[in-house]
Amino acid sequence: MAPRIVKELTIGQLAQRSGVATSALRFYEDRGLISSRRTSGNQRRYPRDMLRRVAFIRVSQNVGMPLGAIHAALERLPEGRTPTKEDWAEVSGYWRRDLDARIRQLSRLRDELTECIGCGCLSLESCMLANPDDICGERGQGPRRLIEEDPDAAPGSAPAGDCAAEAYEDCAEAYAGCDSR
């Protein structure tokens, strides 16, 4: 005989199925990320579709999304009914640009960490070409080549964080060969 599928879950059942501690579920509820109803004995009961919300929260946190952004995305879902595929597509569309930017930044971190990142250390040979005289520092603090981004740039184009791009034109006379990156 197949196990009976219940429409509502206790906090323990939700924790067991989702892999999230009961304390985290209470935290999510306190922050308005998930909701439950209370029984006459004041016990929490979660609709079964709350499993998808909890999964969404977990995966979102795992990829570095802040709780505020997760909350804003979940607010786009309907109250009082199970979200449909179209509702989740709305959330996906809402996050698409931000997620694409995060993916580009993570890819740049993975691919460019062995090269100059524009942090000002000037410790790698590539720093002398990509960040001559620490020109990236003129744009602000931190690893400028990793954190600056042009959201309208075509995929595969030179990164907006390429501090030296403008300097290559200006320094052609001062630095021999700097235009042949």
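Student: Which residues in helix 1 meet which residues in helix 2?

Tutor: Please note that this is a predicted model. From helix 1, Ile-11, Gly-12, Leu-14 and Ala-15 meet Thr-22, Leu-25 and Arg-26 of helix 2.

Student: How do the residues of that contact divide into nonpolar, polar and charged?

Tutor: The contact of helix 1 with helix 2 has 4 nonpolar residues, 2 polar and 1 charged.

Student: And at what angle do the axes of helix 1 and helix 2 cross?

Tutor: They cross at roughly 110°, and the axes come within 9 Å. Helix 1 is therefore roughly perpendicular to helix 2, as angles from 65 to 115 degrees count as such.

Student: New topic: how many residues does the largest nonpolar core have?

Tutor: That core has 23 residues. Those with the most contacts inside it are Leu-25, Ile-34, Phe-56, Ile-70 and Leu-74.

Student: Which helix gives the largest share of this core?

Tutor: Helix 3 does, with 5 residues.

Student: What does Ile-34 touch?

Tutor: Leaving out residues up to four places away in sequence, Ile-34 touches Leu-25, Tyr-28, Glu-29, Tyr-46, Met-50, Arg-53, Val-54 and Ile-57.

Student: Back to helices: how do helix 3 and helix 4 pack?

Tutor: Their angle is about 145°, with the axes 10 Å apart. The crossing is right-handed. Helix 3 contributes Arg-53, Phe-56, Ile-57, Ser-60 and Gln-61 to the contact, while helix 4 contributes Leu-67, Ile-70, Ala-73 and Leu-74.

Technical notes. Residues numbered from 1 in each chain as written. Predicted model: local features only at pLDDT ≥ 70, side-chain atom pairs only at ≥ 80, totals over all residues. Heavy atoms only, no water. Core = buried A, V, L, I, M, F, W, Y, C linked by side-chain atoms within 4.5 Å. Buried < 20%, exposed > 50% of the residue type's maximum accessible area, 1.4 Å probe, protein only. Helix = DSSP H or I, 4+ residues; strand = E, 2+ residues; numbered from the N terminus. Contact = heavy atoms within 4.5 Å. Axes fitted to C-alpha atoms, helices over the stretch in contact; angles between N-to-C directions. Left-handed = near helix turned anticlockwise from the far one by under 90°. Parallel < 35°, antiparallel > 145°, perpendicular 65-115°, else oblique. Nonpolar A, V, L, I, M, F, W, Y, C, P; charged D, E, K, R; others polar.
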